Amino acid sequence: MKLPEYILEIIQKINDIGYEAYVVGGCVRDYLLDRPIHDYDICTSAKPEVILNLFDRSIGTGLKHGTVTVLSNSPVEITTFRLESEYKDHRHPDSVKYVSTIEEDLSRRDFTVNAMAYHPSRGLIDPYKGQFDLKAKVIRCVGNPDRRFNEDALRMLRAYRFCAKLGFSMDETVKKSIDTNASLIQYVSIERIVHELKEIMETNPQVLQDMTLLLKPVFNELDLALRCSQNSIYHYTDVLHHTLDAMCYLKPYDETLAFALLFHDLGKVQVKTTDSNGKDHFKHHAKVGSELSKELCRRFKLTNGQRKWIPFYVLHHDDKFTCDLDCIYKYRVTYHLDEEHLLNLLQIRYCDAMAHSELGQKSAKDVELFYAYYIQNRNRCMSISQLALNGKDIIEATNLRGKQIQEALNMCLKYAFYHPEKNRKEELLNIIKKRVMIFRNSFVLMSF
C-alpha cells in the first residue's frame, strides 16, 4: 500500500519511540478497492498524552475516546488501541479501555471491510477476512451483528450506505439483524439519519426499497408508498419503486432535486381512489404531496432554500408543458421563476415521466420539445428589471402614483414579453399613457 509521505513520517515518528502505528479502516478498504482515498486514520499503541507530546501541532479532539488530531498536510486522527464498554445510549460507549494489540482494536469495529489495518513493514492486518468480503462484494459484521447494532444503531444505516456506495450486497445475517433491531433507529439523531440518507440517494437510491422497515419511525411515508399500488395504463409499479426509478434518471445529481423526486408522489397514498373497473386514480396528489413535503423538509431539517423550492417542485411536478409563449410566460413571469428553477422543474418532470410505462413516457417528449422551444424564445423580457423603463420614468412622464406604478410596470412587462422588439422607453410610455384611465379606475377600486 503506497502511503503519502506525511503519513509515513507520522508512523515512523511513533515507531521511533517504541510504539506501534497503523493506518486503519476506510483508507485501507478504499486502497484495496482502487477507490480514491480522502483521508487517513491511524491507530496506535501509544496513549493520547504521548501523541500530544510527540507532535507540536496536535489537538485533543476526542480524548475521552483516545483520539488526538495531528495537523499535518491534512488533519490526521490518531486513536489509541482500545476496546469499548457498554453502549447504554445505543450510540456511544460509556467508556473505553486501552489495549495492547491492533487485533484487539479491530475486534470492536463494525464491518469486516472496515476492520483492516496496514503497516509499511508488517503489511496488511486482516483478522476478519475483510479482503475476502471485498472480493465477494458483501457487507458482513465483525462478530455478532446484534451486538454490533445494539452498540451503535447508526451502523444499521451505515450498512445500507456501504451497499449503495460500493455496489455490495448485504450478508443475510446482517439483514436479519437490522430487521430485528430496527426500532433502535430512535436513538440516532435526525441529522445523522438524513446524512446517511443523502449518501444513499446520491450513490444508489434503489437501496431505499430495502430500508422501509428501518426508516419507519422517522419516514413512514416510504413504507406507505411501497404498499400503494398503481393500477393504471401509465404505470408499471407501486409508488415507491416508481419514485426510486425516477431518482435514477436524475443526472447530474442534485440534492434538492433528489429530495423533490423522493417526495413528489407521496401524496398519492392519501388521495388514491379505485373506480368500478379497478383502475386507480390520484386526483390532486401534487397539492397534497406539496403540503406533505413541507412537513418532511421540517422533519429532516433541510435548508431554507430546500424548504422553499422542494414543495414548489412537488406542487408542479405533474404540470403539462406546451410549446407556446403563454406557457413560458406562466412559469417565468407569473410564477417568478428564473431560468435555473424552471430548468430544475423540467428536469423533475422529465425524470418522473421516464419512470412511467411506455405510454406514460410519451410526456417526456413533451418536456424535451418545450425545453427546445424555451431555448429558442428565452431572449425575451421576463422580469421588470429587464424593462427599458423603471418606476421613476413613469412618475416623471405620468401622474400615476403608488400601486398604479406597479400595475403599469406589470402591464409593460407583459407587453414587452410578447413584443420584445418594442421594449423601448418611448414605446412603453406611450402604451401607459393610452391606458392611464384604466390604472386610475383600478386604483380607485382598490382604494375602496
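This is a predicted model: local features need pLDDT of at least 70, side-chain atom pairs count only at pLDDT 80 or more; totals for chains, interfaces and linings use all residues.
**Salt bridges and a surface patch**

Colleague: Which residue does Asp 105 meet in a salt bridge?

Modeller: Its partner is Arg 108, with 3.2 Å from N to O. A salt bridge here is a side-chain nitrogen of Lys or Arg within 4 Å of a carboxyl oxygen of Asp or Glu. Arg 108 also counts as buried, since its relative accessibility is 11%.

Colleague: Why do such side chains pair at all?

Modeller: Side chains of opposite charge can pair when their charged atoms come close.

Colleague: How many salt bridges does the structure hold?

Modeller: The structure holds 27 salt bridges. Among the residues involved, Arg 147, Arg 148, Glu 151 and Arg 155 are linked in a network.

Colleague: What about Lys 175: which residue does it pair with?

Modeller: Lys 175 forms a salt bridge with Asp 179, and the closest N and O atoms are 3.0 Å apart. Both residues lie in helix 8 (residues 172-180), four residues apart, which is about one turn of the helix. Helices (H or I, at least four residues) and strands (E, at least two) are DSSP runs numbered from the N terminus. Lys 175 is partly exposed at 21%, and Asp 179 is partly exposed at 33%.

Colleague: And which residue does Arg 378 bridge to?

Modeller: Arg 378 pairs with Glu 339, with 2.4 Å between the closest N and O atoms. This pair links distant parts of the chain, 39 residues apart: Arg 378 is in the loop between helix 19 (362-376) and helix 20 (391-397), and Glu 339 is in helix 18 (residues 339-354). Arg 378 counts as partly exposed at 30% relative accessibility, as does Glu 339 at 24%.

Colleague: Changing topic, which residues make the nonpolar surface patch?

Modeller: Tyr 31, Leu 32 and Leu 124 make a patch of about 220 Å². Patches use residues with over 30% relative accessible area and no salt bridge, joining like charges within 9 Å and nonpolar side chains (Val, Leu, Ile, Met, Phe, Trp, Tyr) within 5 Å. Accessible areas come from the Shrake-Rupley method with a 1.4 Å probe; for residues, only the protein chains shown count as cover. Leu 124 is in strand 9 (residues 123-125) and is partly exposed at 32%.

How values were computed: Residues are numbered from 1 along each chain as its sequence is written. Side-chain values use heavy atoms; hydrogens and water are left out. Buried means under 20% relative accessible area, exposed over 50%, partly exposed in between (1.4 Å probe, protein chains only).
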